[in-house]
Amino acid sequence: MLAVRSVISQSFMSVMRKFLFLLCLFPALYATSQYKVRFILNENTAIPHDSIYITGTFNNWDSTANNKYLMQPLGNRQYGITLDLPAGDMRYKFHRGSWLSVEKELDGNEVFDRNVKINSDTTLTARVDNWRDQLFVDKKLKLQRETSDTGRVKLLDAIARNYGFFSEFFNIDSAQYYAQETLKLYQEISASDETSLWEDLGSSREVLANLFSSLGNYPRALELRFENLRVAEKRNDPLYLADAFRSISNTYLSIKDYPNALRYARLSYTTLKSLPPDTEAYQHMKWLSDYQLAECFYGLNDLDSSLFYISQPVNGNLLTATSGMAFKSLLLGDIYRSKNQPDSAFRNYRNAIFYNASVYSAVVNGMSLLGISKLFRNAGQPDSAIAYARSAFSVYENNLSNLQSWGENKDAYVAEVVFTLSEMYKAGGQPDSAYKYLQMATVLKDSLYNNEKLRQFQVLDFNETARVQQLEQQERITAERYRNRIKIYGLIGGLVAFLVIAFVLYRNNRQKQQSNQELTEQKGKLEETLQELKSTQAQLIQSEKMAGLGELTAGIAHEIQNPLNFVNNFSEVNIEMVDELQAELRSGNMEEALAISNDIKDNSLKINHHGRRADSIVKGMLQHTRISTGQKELTDINTLCDEYFRLAYHGLRAKDKSFNATLKAEFENNLQLVNIVPQDIGRVILNLLNNAFYSVNVKSRQHIPGYEPTVTLSTKNTGKGVEIIVKDNGNGIPDDLIDKIFQPFFTTKPTGQGTGLGLSLSYDIVKAHGGDIKVRSTEALGTEFTVILNPGT
């Protein structure tokens, strides 16, 4: 009872010590999950500010003037704040008290969320170029102070883009003025500055093209975009070249010239393929290109091709992705309406209006309402059809600035609506209203697509075609000249080569005997070196086998130690009992003497039993440790695995008394016998187990809290064969090394602790049996080797 109480007391104290250790460890773990992050902001605006706040995922995007997130001035227009933040991914931005004063890019675009991963104390530095509420006043103040022409060009272009591309600030006169000032100033700058400004000039030309397109002057818009294309070709920049092709395609789409629009859309799509696909610029342009191709195919009534391209994923930040989903849903609605699938069409039109709520494009809302109107007309509901068409008409009439900021001409959309209304009133028996809207549609279409504009388009298209043909001709002439020059150089080179070869042959002929003698000597040396390498390799292989034999011997010694201990102990007891027996016989106590003789007999039986057990262990182990004859025999894989599992573990324990690990044997019952060479497959199992024990032993010495070294050996019947699986929870194998582990002499162990032949030999043995060996590893979590054997191998 005392012994039992002692054991219970010790167990209780051990549990309490572990509990107190975890209590002490928990605050430390909690403390390390919080890091000090210092944010430093450089304000690069013309107007300085005192109150700048930081917001992000760490404060649920708090956009109020919260003093907890107020940044402190550090001097020289620099501000800083230090926050205690949890580990993990984080996104953040800066503002001045509300989203109305959030940071903006110089050209007015959204600043993408800054995305960082926090895993230590760190300092993050950022810069702000503009604030939303001061887009124009700040840039105009910068423009007054800017002295360099290059800087002025960039600022003029940024102001032009703000006026021309943002509906809330849209001003056609201001946009045109600043864009023209950009181009005018560029003409005054020396050619040496051209390289740094060509993107800004292209941007300003695109602003003007957008404005002309919104006014219905498509020929002038196309002319400017062709000029951008020539600059992009000269610069040979794939991104800007793809964008130039896309802009030209947009112009042709505006006048419904779908074949030409498709031609330039395909050029844009092809050009994009030369860009790295993992860049943000490529993914954004890829979506625009897919959408444009879908529009072109829809205009050509190739609905399946249109559906294929519009079904591609929308990429970009939240704003562009939402806008993309709005336009995508709109075109899907048109496609399904044309395919006579009204339910799908109606759902997509509704989706388009939903997505459009946050970015608002009058084009999306108007076209969606008109699409719904046509659905009601097809369904025989004229009143609803006319109501939705009138709603579309109101959208276009009341959102002129929004349409123009998207580069769209209001009359082009109104013309389609009034023509649709004319058809509806005609079908409804209201000729007066039908005539009124038909006359309006005719006037609008004449102003957009009159003969003079068509002639200008034809001239521009002819000039561009002639320019392309001229470039192609110049390229052909240049290529022909290059080929002729290569031929001449080839003839001269051939003559020189002939003379050189003749000289070399003459010299080689004189040195032939000397060279042959040197080659013979080198051959002898190489053969001698090769023999030495083969001898060394054989010694290493023998060393690896002997090392495995030594580990088996250590395991055998441990296995027979227990029965030998029993034999020794019972022999000593019998000696003592014989003395007692003799004493009882001398005293004439036959009854006690008889009892003692029975005990001696029982002990002798136990000695015999454990002797036979030791003999059985030795015979069984010798069966696996003798030199392999190469003869295959039907073998119980479970028995083989069980023997080598214990031998490998006790062999390592014999070398390192401090080593301990949890052994898990998960053998499938009724496993079929496999025709193998038991000694060879035993060596494979031993090698894999030794590696597993080595891995968990190394990891256990790292003293990781809660880590318990575990090695699992399991067997599995797959139906086609038998699998032997050795799994450990050690440090695993790095991804860059996993393809090398079966190479001869490759080892990750320190010098002197491995020959690098164990896995190589194991691989060869398994392959010789017609099987396979596979490895799966996760760094820091563990490794799993699977040996696959077929029953008839």
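Does Y69 count as buried or exposed, and at what relative accessibility? At 11% relative accessibility, Y69 counts as buried, where buried means under 20% relative accessible area, exposed over 50% and partly exposed in between (1.4 Å probe, protein chains only). The model is predicted: local features need pLDDT of at least 70, side-chain atom pairs count only at pLDDT 80 or more, and totals for chains, interfaces and linings use all residues. Residues are numbered from 1 along each chain as its sequence is written, and side-chain values use heavy atoms, with hydrogens and water left out.

An open sheet is formed by four strands in the order 3-4-1-8, with mixed pairing. Strands (E, at least two residues) and helices (H or I, at least four) are DSSP runs numbered from the N terminus, and two strands pair if DSSP finds at least two bridges between them. Strand 3 (72–75) and strand 8 (122–128) are the edge strands, each pairing on one side only. On average, neighbouring strands of this sheet are turned by 30° against each other, direction ignored; the axes are lines fitted to C-alpha atoms, for helices over the stretch in contact, and angles run from 0 to 180 degrees between N-to-C directions. Strand 1 (residues 34–43) and strand 8 run parallel and are joined by seven bridges. E43 has V128 of strand 8 as its bridge partner.

The structure holds 22 aromatic pairs. Rings of Phe, Tyr and Trp (its six-membered ring) pair if their centres lie within 6.5 Å; planes under 30 degrees apart count as stacked, over 60 as edge-to-face and the rest as tilted. The F58–Y69 pair is tilted, because the ring centres are 5.9 Å apart and the planes stand at 50°. Both residues lie in the loop between strand 2 (53–56) and strand 3, so the pair ties together parts that are eleven residues apart in sequence. F58 and Y69 also belong to one aromatic cluster with F39, Y92 and F94.

Y252 and Y264 form a stacked pair, 5.9 Å centre to centre with 10° between the planes. This pair links helix 7 (residues 238–254), which holds Y252, to helix 8 (residues 258–272), which holds Y264. Both tyrosines are buried. In the loop between helix 7 and helix 8 lies K256, which has a positive phi of about 65° although it is not a glycine. K256 counts as partly exposed, at 48% relative accessibility.
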